[in-house]
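Trainee: I am new to this structure. Please take one part and go through it closely with me.

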Amino acid sequence: MLGSHYTVRSGSSSSNDSKRRCRGCCTTQPARLEHLVPRRQSVAPFLVTTMDSQTEAELPSAAVADEPFLGPLDIILLVSLVAGAAWYLLRSRKKDTQASQFKSYSIQPTTVNTMTIAENSFIKKLQSSGRRLVVFYGSQTGTAEEFAGRLAKEGIRYQMKGMVADPEECNMEELLQLKDIEKSLAVFCLATYGEGDPTDNCMEFYDWIQNDDLDLTGLNYSVFGLGNKTYEHYNKVGIYVDKRLEELGATRVFELGLGDDDANIEDYFITWKEKFWPTVCDYFGIESTGEDVLMRQYRLLEQPDVSGDRIYTGEVARLHSLQTQRPPFDAKNPFLAPIKVNRELHKAGGRSCMHIEFDIDGSKMRYEAGDHLAMYPVNDLDLVERMGKLCNANLDTVFSLINTDTDSSKKHPFPCPTTYRTALTHYLEITALPRTHILKELAEYCSEEKDKEFLRFMSSTAVDGKAMYQEWIQDSCRNVVHVLEDIPSCHPPIDHVCELLPRLQPRYYSISSSSKIHATTVHVTAVLVKYETKTGRLNKGVATTFLSEKRAGDGDNAPRVPIFIRKSQFRLPAKPETPVIMVGPGTGIAPFRGFIQERDFTRQEGKEIGQTILYFGCRKRSEDYIYENELEDYEARGIVKLRVAFSRDQEKKVYVTHLLEQDTDLIWNVIGENKGHFYICGDAKNMATDVRNILLKVIRTKGGLGEAEAQQYIKKMEAQKRYSADVWS
């Protein structure tokens, strides 16, 4: 999950839903934050006043009869209101006319909803707005939510006006009533997080459908899952929900789609979607409207006169939450933690690995060894400035983006009102690789036909188009700034770019300390991400670059970072005398540093601790053996047994997997004979898979079991929490 790299568990690439570890780890958070939307309503441009009929009836009849219906002051106020409303409407219409240079976009008119609807009643929202499609998302880092929004938006083309819904904010028992809406359809875009877990916002729904008393006969549904094949439980949540809904009597309208984030999950999604809509049309006997009209979901409102204390400056949800801090602190209300320590762990070699300590004294936040720290990073200011110039924008303009769908609970894509500078710095993933729907909409702003066709080609479902997207975007690591720089005739308005880009997600790191020793600080271990792309550009990790620029300090001089703690199931055994094996090369050592600290604390209390074995690997002892003195002191005092591999200190490379293959008797003694615990933290794609295979071999050879029996042995260990993985891809 984390480790010290930022990881996003389960589902996307930079912003990934498919990469997570246990129920509190990352791949990114992102945090169940992917969907942090302020509940604040935007200020209305005019005010409508009404008188309650009951109040009027209670007035003395004489007073009602004697007073004129409208006095002079009333008339003046009424004329002023009418004139103001007329001026506002004419001004808005003039602005819309000036802005609508590209005719392929249409802004849906804002309709007035006169019904008072319970916020969590998606059935009433569907009924009141004449919709038949509801797309639910289970998202940890935003990708599943993004896919859900695209499906709901496209539904208009197929006479299936849709809405997006968060299962956590809905009464999901209303699925039983969806059949009462003619030709209705529920679609589920669900990411698998970590070791086969549902995302945080989908947990209650996932538990609910396990109720055997449910009867969902008449419900039409389809499921698209987001996962990562480097994880053992690939797309477990999507597969289970698809099967379970059918078992409960629901009707599958289109086959289960499975997206793999280890490859190009965008390709999986658009390939599935390309077949999904024709099947839906056939099933319901409807026809596509044909024209692929691109529609804006949000309308722009510039607000130059808004008071400065009403403008968001980077807060996640509550206005001024970073100035007036109050617990409890969580994803929507992060704690602004001072950095007490930020030191380099590498001794040489040109790479950088940071040890960072955050001060949480007074925050009332608690953590345990194995939990994760989430932090909200800030985008590179140079990239922000370049984006502003490419869009010919004044970055200090105050604005709001307002949802044209008045029934949506998501009124803004991020906290508004704010400035373009703040939005690009704090709220938007400008370093993420743009998905095809973004390229498709950017194409409309190209003045050169060849550029327009190129972007359209890359966003198409044609085989050659997908290959070009893979080469030009994926393999070359181009973000939206790079795209606009390399296609100079493309000049989109800055507000549309802000609408299209995904939300900036929190980054997650395995905590590398124990609260039993460090109660007022929380430590992380992070490698600075920096690499050169095929185009010769230098790409830098958002979070680690942000952290690398934060020098530690004391008191008011200490730089502060918005953080929160995410709980995890990655835990030491309840009995300290239980033996453990920990495998954590590189920054995979992070949670195990906390485990070792905890075992040291237990020993100092006079209690017995079981055998504690750490397998650690790095390139060279003289360069990147992080926490070397610390670890060797623990070994000297009998707290831990170290097995260290330095891959490049000899002619033939040696990795932790080689050491594990040498220690089969030791491994079986711990996990087989003494029922100990086995932990892995680090790279999911190669290291974790290799380690699991070695463990299977040990169980077969030393335990005398067949292949199937060995697999069952590990599954039983997982169920008993004796085998745990905190991995990222």
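In which strand does asparagine 342 lie?

Mentor: Asparagine 342 lies in strand E11, residues 335-344. Some ground rules come before the details. This is a predicted model, so local features need pLDDT of at least 70 and side-chain atom pairs count only at pLDDT 80 or more, while totals for chains, interfaces and linings use all residues. Residues are numbered from 1 along each chain as its sequence is written, and side-chain values use heavy atoms, with hydrogens and water left out. Strands (E, at least two residues) and helices (H or I, at least four) are DSSP runs, numbered from the N terminus.

Start with the residue itself. Asparagine 342 is buried, at a relative accessible area of 12%. Buried means under 20% relative accessible area, exposed means over 50%, and partly exposed is in between, with a 1.4 Å probe and protein chains only.

Now look at its side chain. It comes to 3.0 Å from the backbone oxygen of leucine 547. A polar atom of the asparagine 342 side chain also lies 2.7 Å from the backbone oxygen of lysine 550. Such a polar contact is a pair of N or O atoms within 3.5 Å; within protein, one must be able to donate a hydrogen and the other to accept it, and residues adjacent in sequence count only if both atoms are side-chain atoms.

Next, the surroundings. Set aside the neighbours within four places in sequence. Asparagine 342 then contacts Met354, His355, Ile356, Leu547, Lys550, Arg551 and Ala552. Contact means heavy atoms within 4.5 Å.

Step back to the sheet. E11 belongs to an open sheet of six strands, in the order E16-E13-E20-E11-E12-E17. The pairing is antiparallel. Two strands pair if DSSP finds at least two bridges between them. At the edges stand E16 (507-510) and E17 (521-527), and each pairs on one side only. From one strand to the next, the twist averages 40 degrees. For such angles, axes are lines fitted to C-alpha atoms, for helices over the stretch in contact, and the angles run from 0 to 180 degrees between N-to-C directions.

One end of the sheet shows the pairing in detail. Strand E13 (residues 372-375) pairs with E16 over four bridges, in the antiparallel sense. Among the residues there, alanine 374 has tyrosine 508 in E16 as its bridge partner.

So where does asparagine 342 sit? In E11, within the order between E20 and E12.
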